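Visitor: Please take a close look at one part of this model with me, and tell me how its pieces pair and what lies across them. I would like the cut-offs along the way.

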Amino acid sequence: MGLLDSSGDLSAEMEVDAFRRLFPLRYYERHLAESIRPDGRPLGRARDTTVALGAVSSADGSALAKIGSTTMLAAIKMEVMTPSAESPDEGCIAIEFHMPPICSPIVRPGRPAEAAVVVSKQLSDTILSSGMIDLKELALVSGKAAWMAYLDIYCLDADGALFDAALLSAVAAFSHLQIPVVSVNDKGKIVAFTEEGDGRKLEKEAVNKEKIKLTLGSIPFSLTCALHKKYILADPTSEEESIMETLVTVVMDSSDRLVSFYKPGGPALAYTSLVTDCVALTRHRMKELEKILDEAFSGMEVD
Amino acid sequence: MEFVNPEGLRLDGRRPMEMRQLRAEIGAVARADGSAVFEMGNTKVIAAVYGPREVQNKSQQSNDQALVRCEYTMANFSTGDRKRKPKGDRRSTEISLVIRQTMEACILTHLMPRSQIDIYVQVLQADGGTRSACINAATLALADAGIPMRDLVTSCSSGYLNSTPLLDLNYLEDSAGGPDVTVGFLPKLDRVTLLQMDAKLPVDIVENVMQLAIEGCKAIATYIREVLLENTKQLEYRRGL
């Protein structure tokens, strides 16, 4: 065993893995000083992102989004309900985010992870306030029937940047959504529209034959960054998130407007310059995500 | 309703002794110690295994064997109508118990005392035979985690409709009201570990239907072995061996 040098640096005597576990912050700082991260990424780059539409065939709209190892499966189920008296011409969206125990070793059955509840609320607020969905498009019969869209997002693998992946999968699922065609039967109830194949005249016309796909307004895209001293790490992994406890999430939409900014405390304090840097990184990331979503969508249309 | 038409084809075009298409993928969840996705036709299930790890509840810790826990949940969007209570309802609790006891029988728990093995199974799409798909996925996930087992556990269901024994029922055939037999089988040891049956079945037919399910299990075992072998080859290749 060698002697400790004056700075008390044991790193020369220790294996890399052990050093990473025992002194995670110093391990990371050694990398940050060279403007790189342990997985080889430069500080401002996000991990490889993929989006696959239509992952769940039994749902009305679904998408699987992966950012690095973080995997989110989003699916939308439509149900008919009576609209409220204050807004008889509007439907409703219910968003739920689940973190089942398969996604991470720290999630135990019977005790939902704290992160699940927080991300669920953040997601719900962001999607409803971004104006991406016009609730009037979910109306069927004014005052009597409207669509309730249940969006369920399941985290299948939690490796950091949960909100980003969840938002991406939610947006992709909404763009994949096909509203089922329905008609009104004699008793005034909404039923699934069935075609009479042998040329007989249709008794009941479909109520919403034209409105099968939602027109999406400006789509929100997000980027989570971890802050540490003067460094900004874009798209942190779960290891990075746990070491650098300060996280900032910026949500922007495709018309270059800031939808939401979220910095829930944390040891690192942000100067104005850091804030503008985060926003710039998000703008750059937004262009990447737009391209990825377009590719996924056009890939599906070819079928 | 006719489940087997005069030509001998079922509702989805299969023959009575034909199983649905199988697809398995190992290592789907990067953070888990072992994981697998298993598809039987339209039924899609993901399983993750965490362990052996420290026992969470010290009072349950056992000094001579590992504790095995299992949780079965269905995603809200997995069935035709959206499920309100995906876990904690009676069916999920019963299936969790069944899977736990089936896997516990074949894990060599005495090799890992004072530890805990967690098996989590999530149904992403349900079209009949979820119990079987879960057991098959759990077997693959346990193998991926490197947990020592006596043998692979494979499972398949069978039924009896329109006087014909049918292999691997889908949701429509399952809810037809006929008998539904689920078998859990250890192929190398040639032993049945799980056997569940609902609805009435004449005694002279039971043997046939059960044997059909066992044949299905053997076919699944062959497929699972192939998948594991391919996975090992990939691992060797990546390590440069």
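Guide: Two strands count as paired if DSSP finds at least two bridges between them. Strands are DSSP runs of E with at least two residues, helices are runs of H or I with at least four, and both are numbered from the N terminus. This is a predicted model, in which local features need pLDDT of at least 70 and side-chain atom pairs count only at pLDDT 80 or more, while totals for chains, interfaces and linings use all residues. Residues are numbered from 1 along each chain as its sequence is written, chains are lettered from A and ligands numbered from 1 in the order in which they are written, and side-chain values use heavy atoms, leaving out hydrogens and water.

Let's go to the sheet in chain B. It is an open sheet of four strands in the order 7-6-8-9, and its pairing is antiparallel. At its edges are strand 7 (164-167) and strand 9 (191-198) of chain B, each of which pairs on one side only. Ignoring direction, neighbouring strands are turned by 20° against each other on average; axes here are lines fitted to C-alpha atoms, for helices over the stretch in contact, and angles run from 0 to 180 degrees between N-to-C directions.

Strand 6 (residues 154-161) and strand 8 (residues 180-186) of chain B run antiparallel and are joined by six bridges. To find your place, look for B:Ser155, which faces B:Gly184 in strand 8 of chain B.

Helix 2 (residues 130-145) of chain B lies across strand 6, strand 8 and strand 9 of chain B, and runs at about 165° to strand 6. Helix 4 (residues 203-239) of chain B lies across strand 6, strand 7, strand 8 and strand 9 of chain B, at about 145° to strand 6.

For a view beside it, turn to chain A, where an open sheet of four strands has the order 10-9-11-12 with antiparallel pairing. Strand 10 (231-234) and strand 12 (258-262) of chain A are the edge strands, each pairing on one side only, and the twist averages 25° from one strand to the next. Strand 11 (residues 246-253) of chain A pairs with strand 12 of chain A in the antiparallel sense over four bridges. There, A:Val250 has A:Phe261 in strand 12 of chain A as its bridge partner.

Conventions:
Contact means heavy atoms within 4.5 Å.
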